[in-house]
Amino acid sequence: MTKADEIFKQNIQMIMEEGVMSQQARPKYKDGKTAHSKYITGSFAVYDLAKGEFPITTLRPIPIKSAIKEIFWIYQDQSNSLSVLNEKYGVSYWNDWEVGETGTIGERYGAVVKNHAIIDKLLKQLEENPWNRRNVISLWDYDAFERTEGLLPCAFQTMFDVRKIGDTIYLDATLTQRSNDMLVAHHINAMQYVALQMMIAKHFGWQVGKFFYFVNNLHIYDNQFEQAKELLSRTPSDCQPRLLLNVPDSTNFFDIKPEDFELVDYEPVKPQLKFDLAI
């Protein structure tokens with residue numbers, strides 16, 4: 001059992017046994033019914049990437065390729081355009097969050113990154129002083145929220161710090177989410193932000209260190225309780241997944257491509273489970 005599998009099972013068990021039901025829920029299922037959830041607050045996990053602890057469960061297949069492409073859409077393309085995501089990357093699951101007929105998800109995610117030149121500023125200050133303590137990506141932009149409709153960002157804040165041990169510099173990262181769907185999105189979000197951490201580390205020729213993951217509201221939707229029981233009953237695969245970024249050290253952040261990532265030793269338990277998403 002990997003550390004991710006252990007944390008996954010612990011979180012599912014805690015939500016199902018100790019969680020409380022949502023009130024006045026905003027999301028809807030595609031049939032129009034209100035999507036209530038059972039949730040806990042204040043979930044925290046630590047993965048030491050340098051020791052091979054990678055946040056991806058083996059209890060069900062996780063769609064790593066599309067998740068990593070989403071990171072490129074947000075932080076390289078710095079776009080909120082669905083046509084970019086659809087046509088450049090072949091990823092369509094964000095289409096359900098289109099705002100009107102704008103072809104966008106509103107002024108969210110990549111649009112906020114672009115508006116504030118967040119990546120350029122982050123890379124610049126890490127270059128000038130790797131040990132500064134102000135390396136923050138924040139997608140929570142009240143002005144942008146007032147200008148357009150759109151889903152408010154779930155994974156909204158990332159912070160980076162470096163540590164030097166001997167001659168090796170490690171880049172640590174902390175991801176904060178206001179809300180997370182435990183069964184569907186938990187390992188997708190964690191894994192894709194590790195990919196972002198790896199891209200920044202490669203830009204400077206550093207190693208990845210620790211990944212800290214905080215979720216404020218961690219939930220299971222009320223149409224997923226049977227899937228939760230199934231996941232708890234599964235025996236994890238006997239493998240140790242690792243994500244590789246196959247580019248030379250000091251490769252420019254903007255020159256890295258999705259196909260440069262490779263997930264090795266990943267043999268998830270099948271069959272895949274079906275989830276009806278809440279929109």
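**Largest pocket**

I looked up the largest pocket and found 45 residues in its lining, with Trp97, Cys154, Asp181, Ala185 and Ala278 nearest its centre. The elements that give two or more residues to this lining are strand E2 (37-48), helix H2 (64-75), strand E5 (168-181), helix H7 (186-204) and strand E6 (207-221). I note that the model is a predicted one. The space in the largest pocket comes to about 1,100 Å³. Sorted by class, its lining holds 25 nonpolar, 13 polar and seven charged residues.

**Second largest pocket**

I then turned to the second largest pocket, which has about 370 Å³ of space. It is lined by 18 residues, and Leu49, Met198, Val208, Leu243 and Leu244 are the closest to its centre. H7, E6 and strand E7 (242-245) each give at least two residues to this lining. By class I get 12 nonpolar, two polar and four charged residues.

**Sheet**

In what order do the six strands of the open sheet run? I read E1-E2-E6-E5-E4-E3, with mixed pairing. Strand E1 (20-21) and strand E3 (135-138) are the edge strands, each pairing on one side only. I checked E1 against E2: the two pair in the antiparallel sense over two bridges. Within this pair, Val20 stands opposite Tyr39 of E2.

H7 packs on the sheet, where I find it touching E3, strand E4 (155-165), E5 and E6. The direction of H7 makes about 155 degrees with that of E6. H7 and E6 are also both among the elements lining the largest pocket and the second largest pocket.

Definitions and conventions:
Residues are numbered from 1 along each chain as its sequence is written. This is a predicted model: local features need pLDDT of at least 70, side-chain atom pairs count only at pLDDT 80 or more; totals for chains, interfaces and linings use all residues. Side-chain values use heavy atoms; hydrogens and water are left out. On a 1 Å grid over the protein atoms alone, a cavity is a set of points where a 1.4 Å probe fits but cannot get out, and a pocket is an open set with protein on both sides within 12 Å along at least five of seven lines; lining residues have an atom within 4 Å of a point. Grid points are joined across faces, edges and corners, and a volume is the space filled by probe spheres set on the points. Helices (H or I, at least four residues) and strands (E, at least two) are DSSP runs, numbered from the N terminus. Ala, Val, Leu, Ile, Met, Phe, Trp, Tyr, Cys and Pro count as nonpolar, Asp, Glu, Lys and Arg as charged, and the others, Gly among them, as polar. Two strands pair if DSSP finds at least two bridges between them. Contact means heavy atoms within 4.5 Å. Axes are lines fitted to C-alpha atoms, for helices over the stretch in contact, and angles run from 0 to 180 degrees between N-to-C directions.
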